[in-house]
Each structure stands twice: as structure tokens, then as C-alpha cells.
Amino acid sequence: MEQAAGLGLDGCVVRSLGGGDRLVLHLDGGLLLTVRNDFRLLRGAKVDHFYPALGVTASGALGVLAHATVTGATVTLAGGLRLSFDTGHILAVAPDPAPGVPVHPWQLASPAGPLFTGGPDGGPDAGPDGGPDGGPDSGQDGRPDGGPPA
């Protein structure tokens, strides 16, 4: 079961990719999606596994995401991330941080700072002004539905 996170990424184009000890997607509007946890790139029955702690190259299988357009962005109830692209690929980030990596498996940031961070406690952390997208329109606990705190 999944919950729409309201990340606002639909229609964003991946302008470039970065690798190393994390995957970085440079999106429209200066947005950066940083993935530090293990993730998969899926397309049909084909699945490629990536382990940033061992190094990620922004070419090869991941190169197909360069200039791709995001068609959907979902945060799972456990705090994982699923991005769909117009290429038919899905980037799926595991919700739990891998051993030896920072506690947040992924983060979406703007030039002004973090907007949304995958949380280690099964949900996203609130942005700087209380909302998951940094906006004032979210509920008391940073959940888009305004539900009670966990």
C-alpha cells in the first residue's frame, strides 16, 4: 500500500546525473534528488540493483535516466521512494538505510535547502516550515493528509 507524497516532480526533466557514493538526479528548477541507500532500476522484467556504498556510475544502465521526464513520484508508507519515468523505467529506493550510510535513504532539495527527506521511522520528515514539500499546507505532523502523529 502506498501514499502519494505530493513531491511535485511530475513533468520534471532529469538534466544530469551524478554518481560516486550516492546517486544525484539534477532536475528542472535546480531540484536535486540524492539517493544514498540501495536502489533498483526496473523496466518490465529487467531489474538492475545498485549499492551506493560500493560506488555508483552515472552511465551504463543509469544513463537512460539522463533527459528522462518524471511521470510519477510516490513515497511508500515505509518511507521508500518510487519514481516513474517516460522511458518506462522505475527507480525504487529502499526505505531503510543501509548499514554505514546516513540515516536518510533519500532527499529532495532545492537551492534553498531540503524539501523532503525519506525518514528512518517509516515516513517522511517535514520540510523546514513544517510541510513535507516545505509548504505551510500540510498537516500538523508534516503528513500531506494531516493525520495524527505516529
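Start with the secondary structure, colored by type: the protein has zero helices and eleven strands, where helices (H or I, at least four residues) and strands (E, at least two) are DSSP runs numbered from the N terminus. This is a predicted model, in which local features need pLDDT of at least 70, side-chain atom pairs count only at pLDDT 80 or more, and totals for chains, interfaces and linings use all residues. Residues are numbered from 1 along each chain as its sequence is written, and side-chain values use heavy atoms, with hydrogens and water left out.

Next, switch to a surface view. Of the 150 residues, 41% are buried, meaning under 20% relative accessible area with a 1.4 Å probe, protein chains only.

Now select residues 70–76, strand β7: five of its seven residues are buried. Look for Gly72, opposite Ser84 in β8. The two strands form a hairpin with four residues between them, and Gly79 in the turn has a positive phi of about 100°.

Finally, show side chains in the largest nonpolar core, which has 30 residues; such a core is a set of buried Ala, Val, Leu, Ile, Met, Phe, Trp, Tyr and Cys residues joined through side-chain atoms within 4.5 Å. Leu9, Leu25 and Leu83 have the most contacts inside it. Center on Leu9: its contacts (heavy atoms within 4.5 Å) include Val70, Ala73 and Leu83, not counting residues up to four places away in sequence.

Methods: Buried < 20%, exposed > 50% of the residue type's maximum accessible area, 1.4 Å probe, protein only. Pairing = 2+ DSSP bridges.
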